[in-house]
Amino acid sequence: MNLLLSDDYLLQDYPESITSTIRSGHATHLRFNHYGDYLASGRVDGTVVVWDLETMGVTQKLRGHNKSITFLSWSHCGRYLLSACQGWRAILWDLKDGSRYREIRFRAPVYIAEIHPTNPFQFVAAVFEDHPVLVDASQPIDVKRVLPSAPKRNNTEGDSAATKEKQAKEDAKQMTTCAVWTRAGDYIISGTSKGKVNIIDTKTLEIIYTEKVCTGAITSLRITGSGRDLLVNSQDRIIRTLRIPNLTVEDLDVDTIQLSLEHKFQDVVNKLSWNHVAFGATGEYVAASTYNNHELYVWERNHGSLVCMLKDPKEEQGVIDWHPTRAILAACGLETGRIYIWSVISPQKWSALAPDFSEVQENIEYIEREDEFDIYAQEEIHRRRLDAEDEDVDVLSDPLKLDGELDSFRMPILFNLGESDSEDEFIEVSTGTMRRRSYGDDQGDSSVAESGPTKKGAKGKRQKK
């Protein structure tokens with residue numbers, strides 16, 4: 001087993017430049033799986049594309065929606081993928097064979113559809129101008145339970161009838177816009193159109209805590225892998241990080257729950273709005289895409305300071321997602337629909353190519369060994385090759401797998417050209433013939449469309465002569 005080509009612990013833990021660009025249709029949403037080896041993207045036409053990050057090729061294309069994809073969610077094992085669209089439905093895909101495990105219809109378009117951390121057949125959905133729904137797809141018939149959106153209020157005897165009526169009218173206007181599971185899956189944290197965060201108990205389906213976080217509507221919620229921090233993006237142009245209390249303790253006292261504010265991230269000078277936000281791999285960084293701007297902002301949470309601004313490409317970025325274990329950030333462009341991947345350019349480690357290779361700072365005098373360049377007879381070389389063939393090679397175990405790590409689902413490999421590669425990777429040169437795009441070819445779609453008919457016409461003239 002060769003050594004690693006780079007020392008990752010010497011690299012910085014936030015991305016710095018674009019390392020690759022992929023495309024399959026016009027992407028509207030994207031999401032890494034929990035292990036970080038696959039990236040799912042949803043397109044405008046309703047197709048869901050699953051990318052392999054090692055080869056940057058398409059492993060599966062899932063077709064079942066007829067409207068734009070609004071949200072994607074992976075199960076923890078990586079076998080199931082949940083997709084929601086503007087066509088009032090969500091589909092749970094089984095990636096073992098690419099089939100639809102279950103299709104659930106709603107009464108309105110779906111904002112988000114997040115899978116339970118441990119149960120892949122249960123998810124929460126935030127519906128447009130309606131109450132959120134907790135769906136259980138483990139039974140032959142789907143079980144839908146409506147969750148509350150109205151905030152928790154302290155019932156006092158001094159409240160008059162007019163006050164209660166006013167509160168009831170305000171609660172009727174409050175709708176859930178986003179939701180996320182806690183790490184254990186016992187509670188749901190939801191954001192409303194009035195800037196409030198609710199904590200819902202999944203057993204009783206009641207709100208146990210409500211906190212007024214901001215004045216505008218909450219557009220997205222993200223939680224760290226540890227489940228201790230919450231990232232809130234709202235329409236008031238301020239990104240907030242909150243500390244989540246320990247909700248797994250026995251005999252939890254709801255009166256002691258408190259969401260404490262940690263940091264506020266904003267652009268004080270330009271007053272920019274934020275399209276989407278994401279936590280870093282370790283939760284130490286916060287990334288955000290800007291509205292009507294092409295820059296991506298990255299902050300560190302220790303002091304709340306701005307680390308860097310990713311300025312390329314020159315188009316507005318929509319949904320972003322950070323790799324769960326590495327310094328990789330993926331974002332989809334709103335104009336072209338391409339997926340841009342930012343990463344860290346690692347320096348090459350030449351000692352990985354040869355075990356006895358050593359790097360030196362300055363030239364040194366090399367002393368040749370006595371038998372270093374000896375020429376062996378062909379019989380001796382053939383004998384050594386035969387001896388090497390008798391050695392047992394272990395091709396089943398994974399040398400990079402950690403001790404105690406559970407076996408994860410591995411997606412089957414597709415060998416069909418049309419299903420396994422990006423649409424920008426291959427171009428048509430004649431009828432039924434395709435070739436791989438070289439580095440000198442134009443990356444625009446117009447050149448790809450014009451190359452085929454021109455060469456077909458030239459071929460027809462030669463046949464006529």
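1. Let's start with a pair inside the protein: Arg301 and Asp229 are both buried (buried means under 20% relative accessible area, exposed over 50%, and partly exposed in between, with a 1.4 Å probe and protein chains only). Their side chains meet in a salt bridge, 2.9 Å from N to O; the term stands for a side-chain nitrogen of Lys or Arg within 4 Å of a carboxyl oxygen of Asp or Glu. Arg301 sits in the loop between β24 (296-300) and β25 (306-310) and Asp229 in strand β19 (residues 229-234), so this pair ties together parts that are 72 residues apart in sequence.

2. A word on the basis of this note: this is a predicted model, where local features need pLDDT of at least 70 and side-chain atom pairs count only at pLDDT 80 or more, while totals for chains, interfaces and linings use all residues. Residues are numbered from 1 along each chain as its sequence is written, and side-chain values use heavy atoms, leaving out hydrogens and water.

3. Which residue forms a salt bridge with Arg31? The partner is Glu114, and the closest N and O atoms are 3.2 Å apart. This pair links distant parts of the chain, with Glu114 in strand β10 (residues 110-115) and Arg31 in strand β2 (residues 27-32), 83 residues apart. Strands here are DSSP runs of E with at least two residues, helices are runs of H or I with at least four, and both are numbered from the N terminus. Glu114 is buried at a relative accessible area of 11%, and Arg31 is buried too, at 15%.

4. There is more pairing to look at. A search of the whole structure finds 14 salt bridges. One joins the side chains of Arg240 and Asp236, at 2.9 Å from N to O; Arg240 counts as buried, with 6% relative accessibility. Elsewhere, salt bridges link Arg89, Arg100, Glu103 and Arg105 in a network.

5. Now for the surface: Glu368, Glu370, Asp371 and Asp374 form a negative patch (patches are made of residues with over 30% relative accessible area and no salt bridge, like charges being joined within 9 Å). Glu370 lies in the loop between β28 (339-343) and α2 (378-389). Is Glu370 buried or exposed? Glu370 is exposed, with a relative accessible area of 78%.

Notes:
Patch = residues over 30% accessible without salt bridge, like charges linked within 9 Å, V, L, I, M, F, W, Y side chains within 5 Å. Areas by Shrake-Rupley, 256 points an atom, 1.4 Å probe, with all protein chains shown as cover. Lys, Arg positive; Asp, Glu negative; His and termini not counted. Charge placed at Lys NZ, Arg CZ, Asp CG, Glu CD.
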